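Let's look at how a few labels get attached to a protein model. Have the picture open while you read.

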Amino acid sequence: MKTKLTQSGYDITLKGLNFERFLQYCKQNNVTFHNILRPDHQTLQFFVTVKDYKHMLKLHAFRNYTVTTQKESGTYFFFKHLKAQVGLLSGLFIASLLFSLLSMFTFHIQVLGNENITHAQIVQVLKQKNIAVGKVNNFHNEEIELLLKQQFSDISLVSVMKQGTNIVIQLKEKQKLETTESDIVAPVNLLITSLTVNQGTALKQKGDMVKKGEVIVAAYIKNAKGEKQACTPIATLVAQAWYVGQTEFVTKETVLIKTGKKAVSSYYQIGKLKFFETNESHKFAHFQTKTQNAILFPNFFVPIRVHKTIVYECKQKTITHNFEPKRTELLAKSKALAYGLMPNNLTVEEEKQIVSQLGNKTIVQTVLRTTLNITYS
Amino acid sequence: MFLEELSKITNLPISEVLREYTISNVGGKVVNISNFSKLITYLPELVVVKVKNGNLNIEGSNLKIMELSKNSVTIQGVVHSCVLQKVSQNEN
């Protein structure tokens, strides 16, 4: 059965009497009616296709009735109205053509994450590949990323993206190691058993526990006036040091399991303008949130951003893990970690393994004791 | 085939079977009548359709004619009764 959804036609309301005769007359002349309703004895409502309507007009079927066309529906009317809107159509066509054309251009080059490399330097390099503001730029992002990496040795990570008419270059520069003071510092946690200072100022003495990174001998000496004078510290350090390998085992943990219910909030954004904003509220006691942020059409002239936040309802579940089956494995792992930390030229004097409980965690430690004998000159 | 079976039962050729009126009542919600000759009455509570040698009275509530074409009519609504009333040749 054909319906209004698939056909173009008119919703008609007739006022008058003896509708049965009208219907019979039209039926005999091959007119097909749809959705006939009779709200009262003087009214008849129905839907006919455009073809049947024209045929009815030819038959003068409406001559004894008052006709009201309630609604015109279907693709026929859509295209009919479009025909009358030539200006609008042309405008839309020109606008989309312009959008497509302008989308090919670059109007802004944005450089993010640079500290020592300047924007101008990046732009200069891009010019080598004929990429510049106000030009039609067709390039592969990977190609530019490679070029920038080759040109700047200070770049450790770089990503190039085309967002509408913008080129966004995100980079991370290599960290430059700052020159350190020439103080003698503890390489690990240690207990000083002997310290002989030939040059410099000792800040620690025999029997002191020193944490890793703490200064043992400072790179200065004080003159007769009490003023500090820089020097290279020379000393011999003998100390007991401990290398600790540690692993943790969670004995009791609370995990969140999704129930399947969710609340979605989203909006579209052009610049600072937000639109089509939907905000679904929720009363979930426990939940996990996932945020999505993407550009709707990556190469479109206007970058339309879509922000979506999905809140999943969760229920809490406490899981208990048995430590004992894992004991051997974790002890071996902590041992490997401790030996991995200790330099190869040192000898292990004592090896101790400790298993302790801390809240919901079991801490497994392997402690290696050794003696350091270092001469700084 | 359904039509062949009907042809055997009625002792009529298939072409003749196809010309006869048929009434289909789907769960008291939709009634389809094909090969009817005339729509006599249409009210939301009553639809009377003339078929060969009789009138078919469909009583119900919220009756709506979904489609009315030269050969068939489909009525939708809450159908309470569907009665075929024989009309003598003289009356007709």
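Buried area is the accessible area (1.4 Å probe) that two parts lose on being put together, summed over both. This is a predicted model, in which local features need pLDDT of at least 70 and side-chain atom pairs count only at pLDDT 80 or more, while totals for chains, interfaces and linings use all residues. Residues are numbered from 1 along each chain as its sequence is written, and chains are lettered from A.

Q: How much area do chain B and chain A bury between them?
A: About 1,600 Å², with 58% of it on carbon and sulfur atoms. Tyr42(B), Leu68(B) and Lys70(B) supply 38% of the area that chain B buries against chain A, more than any other three residues.

Q: What makes E2(A) and E5(B) a pair?
A: Two strands (DSSP runs of at least two residues) pair if DSSP finds at least two bridges between them. Strand E2 (residues 33–37) of chain A and E5(B) have three bridges, in the antiparallel sense, so they pass.

Q: Why are E5 and E6 of chain A edge strands?
A: The open sheet runs E5-E7-E6 in chain A, with mixed pairing. E5 (108–112) and E6 (155–163) each have a single partner strand, so one side of each is left without a neighbour in the sheet.

Methods:
Side-chain values use heavy atoms; hydrogens and water are left out. Helices (H or I, at least four residues) and strands (E, at least two) are DSSP runs, numbered from the N terminus.
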